[in-house]
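Biologist: Before any conclusions, I would like the terms to be set out. Can we go through them one by one?
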Amino acid sequence: MTTPLDFGIDFTTIGPAVGERFPDVILPDQHGQRVNLHQVRNGRRALVVFHRSAGW
Amino acid sequence: MPFAISYDAVDVLTTFAAKHNITYTLLSDEGSKVIRELGLFNENVFEHHAAYGIPKRDQCWGVPYPGVFLLDEQGYVLQKRFQQSYRERETGVAVLERGFGLTSSVRGTPVHAQAQGIQVAARLDSPTYRSFQRLWLTVDLDIDAGLHVYGQPIPEGFIPLTVEVTPGEGLIVGAPEFPPPTPHRLEGLDEEFYIYEGKVAVSLPLTFTHDADDTLLQVAVRYQAWSDELGCFMPQTVTLQVPVQVQDHIDRPRQR
């Protein structure tokens, strides 16, 4: 199969919506340090990328 | 500033970041708790894989729908960029330019052409592609002062501005995005026209569905111009050939 398939997903209803505040996220980073996304952002714009895996 | 979230354990991220010299923040959501809380857990991942003929692998359970959120200074979601197919990805340049309206210095080299009353430049947001990557082709038109180019909708018998890329095996061409044209009335004609003047940028998405060889995209820009002084010109077609090179996926040899 070599065509991008359309799974009919309504992404407006999946994950935080446009216009909403992005939820607070606190997770460890690649150095094992706890990162509070909004705190680290410190008033700057941000890109939050969700991806499959860095392991496979 | 960028954050990338996956379900990987910290040590997986440490190894990945070191190997690829990644300095931005990778976040470990081991157990997919945040992915689930945010509603991004892909419960249908096995069905989606099956649709592509990919066998079930347990490690896939827990992945999010892949995509990008753009946040403003206050942390509100400005834009969400997700694709219907989990395999499809935009380039970083496309996210920055089309999401944040920034101009990236990393782009494909523009290809130029000139025709009656108009300069045309075509560029991709990356000079390379990986399979299932979505590249945007942007065609910049610079229309001579005093000239208009017809847009759409358009009365019968006139030719609107169009940009076409010849599709080929492994290349899917999406619908072009035009800026809104300006309504315009021509003296002596009853119909209403929509026109472009000055600088116009038209973009269209291209998805490469497998690793073909390096290729030349065939781009055709068709338009009809009109000037107050000289009247209506004959329709013109400008053709450009835009090179694009195939690139291997990280850690994975090319598939044909």
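Modeller: Two residues are in contact if their C-beta atoms, placed from the backbone, lie within 7 Å. Among contacts in chain B between residues at least 6 apart in sequence, 60% join residues at least 24 apart. This is a predicted model, in which local features need pLDDT of at least 70 and side-chain atom pairs count only at pLDDT 80 or more, while totals for chains, interfaces and linings use all residues. Residues are numbered from 1 along each chain as its sequence is written, and chains are lettered from A and ligands numbered from 1 in the order in which they are written.

Biologist: What makes up chain B in helices and strands?

Modeller: Helices (H or I, at least four residues) and strands (E, at least two) are DSSP runs, numbered from the N terminus. By that rule chain B has four helices and 19 strands.

Biologist: Which residues of chain A and chain B form the contact, by number?

Modeller: Chain A gives 43 residues and chain B gives 58 residues. On the side of chain A that touches chain B, strand 3 of chain A has the largest share, five residues.

Biologist: How many residues of chain B are called buried?

Modeller: A residue is buried if 20 or more other C-beta atoms lie within 10 Å of its own, exposed if 12 or fewer, and partly exposed in between, with C-beta atoms placed from the backbone. Buried residues are 34% of the 256 residues in chain B.

Biologist: What is a nonpolar core, and which residues have the most contacts inside the largest?

Modeller: The term means a set of buried Ala, Val, Leu, Ile, Met, Phe, Trp, Tyr and Cys residues joined through C-beta atoms within 7 Å. The largest has 63 residues, with the most contacts made by Val48(A), Leu137(B) and Val219(B). Strand 9 (residues 133–143) of chain B gives the largest share, six residues.

Biologist: Why is this core said to lie between domain 1 and domain 2 of chain B?

Modeller: Domain bounds come from an automatic or database domain assignment. Domain 1 (3–65) and domain 2 (111–246) of chain B both contribute residues to the core, so it lies between them. The centres of these two domains, taken over C-alpha atoms, are 38 Å apart.
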